[in-house]
Amino acid sequence: MALRIVAHRPDPSIVRLPWSTPLADWDEKHLVPLPRGLSRHVVRIVRVKDRIYAVKETEEQVALTEYRLLRDLHRMGLPAVVPQGVVAGRTAADGSPLPAALLTQHLRFSLPYRSLFAHGLRPENLPSLVDALVVLLVRLHLADFYWGDVSLSNVLFRRNAGEFAAYLVDAETGELNKTLSPRLRQHDLEVACENVFAELLDLQASQDLDAEVAAHEVVDLIGVRYDELWRELTGAEEFTTDEMWRIEQRIERLGSLGFDVDELDIVTDFDGETVRIQPRVVELGHHCRQLRALTGMDVEENQARRLLGDLAAYAAAHGLDDVDRPVVAQRWLTEVYRPVTALVPAESRGKLEPAEVFHEVLEHRWRLSENAGTEVDIFAAARDWVDHVLPHRPEEAFG
Ligand SMILES: Nc1ncnc2c1ncn2[C@@H]1O[C@H](COP(=O)(O)OP(=O)(O)OP(=O)(O)O)[C@@H](O)[C@H]1O
Ligand SMILES: [Mg+2]
């Protein structure tokens, strides 16, 4: 039987992969030995020319549904792995049928949670991991996406200025609804808590996580942080008309959380004495969008916040506050950002993304300055970081 390939932008080299062999038996030459999370299906990371894909064997209908769902999430600008296609109609050499395969683009600089722990994540970083998961879940819920299988294994993490950004990797049980009922949101939260609890115990059993860590406390944090963020992003507020500044204040508060308000409902009562506001459409990326407009750079939200902070400090230090921001941004890029990140030797470029390097250099400079009791130059700090910190960092780009 002939292969059937469904793809939005087909990559012709995919056809040449050994589809008549079960994925578990693929030759080493196709595979990239990358860290993978736990999975029920056979999943392998493969290299096709200069591209890297994750291939998951599953049933054709399941693969097609997941493919379409991931495409929808991608179109909606939500953080999820990008689907490449589905290969079906596979048969082995002896004519027996083989499962279909879902291909997704490998997410660069992403780590499954187990590798994060193997790369030195400490118990005190657990809240930032939970926060990343919660931000992802809230964003999916705001888009009326029901996940059905929230867990650390179904997420990939990217570094985000010392914190993390979570990407959905497994949408098999997901559904995009017209509206998402509070009951379904609650269900996702319960599943998240059960799964994360089991995953933390698992990490403790394998001695990748300190046995002292109280898994139930970490899990309780999921519900608390979710409720806080959901309320802040969607909750209504009422006040009198002489407190109109509260509209501006709400928008600023959302901005400080990284969210932009696209639509805000403002309703006044009959005699115009009280006002009720409620955000309708909010989107993460407040600082990302600013940075992209100024520099064209595409980075994670906290990284963007960090870089914008340094850009502002640069403008102030050089008396450029009154100069056009895009002009200052170009100067900062050529005089600071690019030369600092270029200090990373070519063979170490796969350890951290440039924006994360810059963030680490800023932190390093802060520590050095504190010890020295005087402000250390950013290039001196960067050289010191490259010489003393970077060599101990593991490879994380993977392709
Ligand atoms: N695009 C990708 N980039 C990087 N890693 C990936 C990608 N897709 C999958 N992986 C890795 O493979 C692991 C398993 O993938 P996935 O969760 O989709 O399979 P699964 O668990 O077998 O599916 P299910 O939970 O539906 O049974 C993930 O945890 C992740 O580590
Ligand atoms: Mg999974």
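This is a predicted model: local features need pLDDT of at least 70, side-chain atom pairs count only at pLDDT 80 or more; totals for chains, interfaces and linings use all residues.
E232, E237, E243, R246, R250 and R253 are linked in a network of salt bridges. Side chains of opposite charge can pair when their charged atoms come close. Take one pair from the network. The side chains of E232 and R253 meet with N and O 2.8 Å apart. Their pairing links distant parts of the chain: E232 sits in helix α5 (residues 215-234), while R253 sits in helix α6 (residues 245-256). The two residues are 21 positions apart.

How many salt bridges does the structure hold? The count is 30. Another of these joins E124 to R122, with the closest N and O atoms 3.0 Å apart. E124 has a relative accessible area of 53%, so it counts as exposed. R122 has 47%, so it is partly exposed.

Now turn to D170. This residue forms a salt bridge with K56, and the closest N and O atoms are 3.6 Å apart. Here too the pair links distant parts of the chain. D170 lies in the loop between β9 and β10, K56 lies in strand β3, and 114 residues separate them. Are these two partners buried or exposed? Both D170 and K56 are buried. For D170 the relative accessibility is 13%, which means it falls under the 20% limit for buried residues.

Which protein residues are donors to the magnesium ion, ligand 2? They are N154, through OD1, and D170, through OD. These donors lie 2.1 to 2.3 Å from the ion. N154 is in the loop between β7 and β8 (155-160), and D170 is in the loop between β9 (163-168) and β10 (175-176), so the pair ties together parts that are 16 residues apart in sequence. N154 is buried as well, because its relative accessible area is 7%.

Next, follow the strands. Why is strand β4 (residues 83-88) described as largely enclosed by the rest of the structure? Six of its six residues are buried, so the strand is largely enclosed. Strand β1 (residues 4-6) runs antiparallel to β4, and three bridges join them. Within this pairing, I5 stands opposite V87 in β4. β4 also pairs with strand β5 (residues 100-105), again in the antiparallel sense, over four bridges. There, G85 stands opposite L103 in β5. In a regular strand the side chains alternate between the two faces of the sheet.

Together with L3 and V15, I5 makes a nonpolar surface patch of about 230 Å².

Finally, look at the backbone in two loops. K49 lies in the loop between β2 (43-48) and β3 (51-58). Its phi is near 50°, a positive value in a residue other than glycine. Is K49 buried or exposed? Its relative accessibility is 63%, so K49 counts as exposed. The other case is D144, in the loop between α3 (126-142) and β7 (145-146). D144 is not a glycine, yet it has a positive phi of about 65°.

Definitions and conventions: Residues are numbered from 1 along each chain as its sequence is written. Chains are lettered from A and ligands numbered from 1 in the order in which they are written. Side-chain values use heavy atoms; hydrogens and water are left out. Buried means under 20% relative accessible area, exposed over 50%, partly exposed in between (1.4 Å probe, protein chains only). Two strands pair if DSSP finds at least two bridges between them. Donors are N, O and S atoms within 2.8 Å of the metal (3.2 Å for Na, K and Ca); water is not among the atoms, so sites may look incomplete. Patches are made of residues with over 30% relative accessible area and no salt bridge: like charges are joined within 9 Å, nonpolar side chains (Val, Leu, Ile, Met, Phe, Trp, Tyr) within 5 Å. Accessible areas come from the Shrake-Rupley method with a 1.4 Å probe; for residues, only the protein chains shown count as cover. A salt bridge is a side-chain nitrogen of Lys or Arg within 4 Å of a carboxyl oxygen of Asp or Glu.
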